[in-house]
Amino acid sequence: MLGIKDFLQQARGLKDKMEEMQESLAEKTVVGNAGGDMVKAEANGAQEILSIQIERDLLNSDDPELLQDLIVSAVNDALLKSKKLAQEEMSKLTGGFKIPGLDL
């Protein structure tokens, strides 16, 4: 049976591993796209948008609403992929157990 000292030590270890994981996620990137890759959004594992690339032909379009929609779609795709990446890393850390309060 684990004592309180052992439990606290394990909790500190998990906290340290989570901090390492978050640092690692900030260095990993994913790319979301829309419109057949006409718009690409790059995000890191910390759900931060790093860059957006737009094909030049699309910039010269007379349809600004289309460009806006494609940007939103590409960003949402990148953020979804980033969130999945973070969930996969968290699953590795927790051994697949879902621990309340540790959702990313």
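Author: Start at a turn. In the hairpin of strand 2 and strand 3, 4 residues lie between the strands, and Gln47 there takes a positive phi near 60 degrees. Keep in mind that this is a predicted model.

Reader: How many bridges join strand 2 to strand 3?

Author: Strands of a sheet pair through backbone hydrogen bonds, either parallel or antiparallel. Here strand 2 and strand 3 run antiparallel, joined by 5 bridges. One place to look is Ala41, which stands opposite Ile52 in strand 3.

Reader: And which residue of strand 2 stands opposite Gly32?

Author: Ala41 in strand 2. Strand 1 and strand 2 (residues 39–44) also pair in the antiparallel sense, over 6 bridges.

Reader: What is the strand order in the sheet?

Author: The order is 1-2-3, in an open sheet of 3 strands with antiparallel pairing.

Reader: Why is one side of strand 1 and of strand 3 left without a neighbour in the sheet?

Author: Strand 1 (29–34) and strand 3 (49–54) stand at the edges, and each has a single partner strand, so one side of each has no neighbour in the sheet. From one strand to the next, the twist averages 15 degrees.

Reader: What share of the residues is buried?

Author: Take under 20% relative accessible area as buried. By that cut-off, 23% of the 104 residues are buried. The accessible surface of the protein chain is about 7400 Å², and 52% of it belongs to carbon and sulfur atoms.

Definitions and conventions: Residues numbered from 1 in each chain as written. Predicted model: local features only at pLDDT ≥ 70, side-chain atom pairs only at ≥ 80, totals over all residues. Heavy atoms only, no water. Pairing = 2+ DSSP bridges. Helix = DSSP H or I, 4+ residues; strand = E, 2+ residues; numbered from the N terminus. Axes fitted to C-alpha atoms, helices over the stretch in contact; angles between N-to-C directions. Buried < 20%, exposed > 50% of the residue type's maximum accessible area, 1.4 Å probe, protein only. Areas by Shrake-Rupley, 256 points an atom, 1.4 Å probe, with all protein chains shown as cover.
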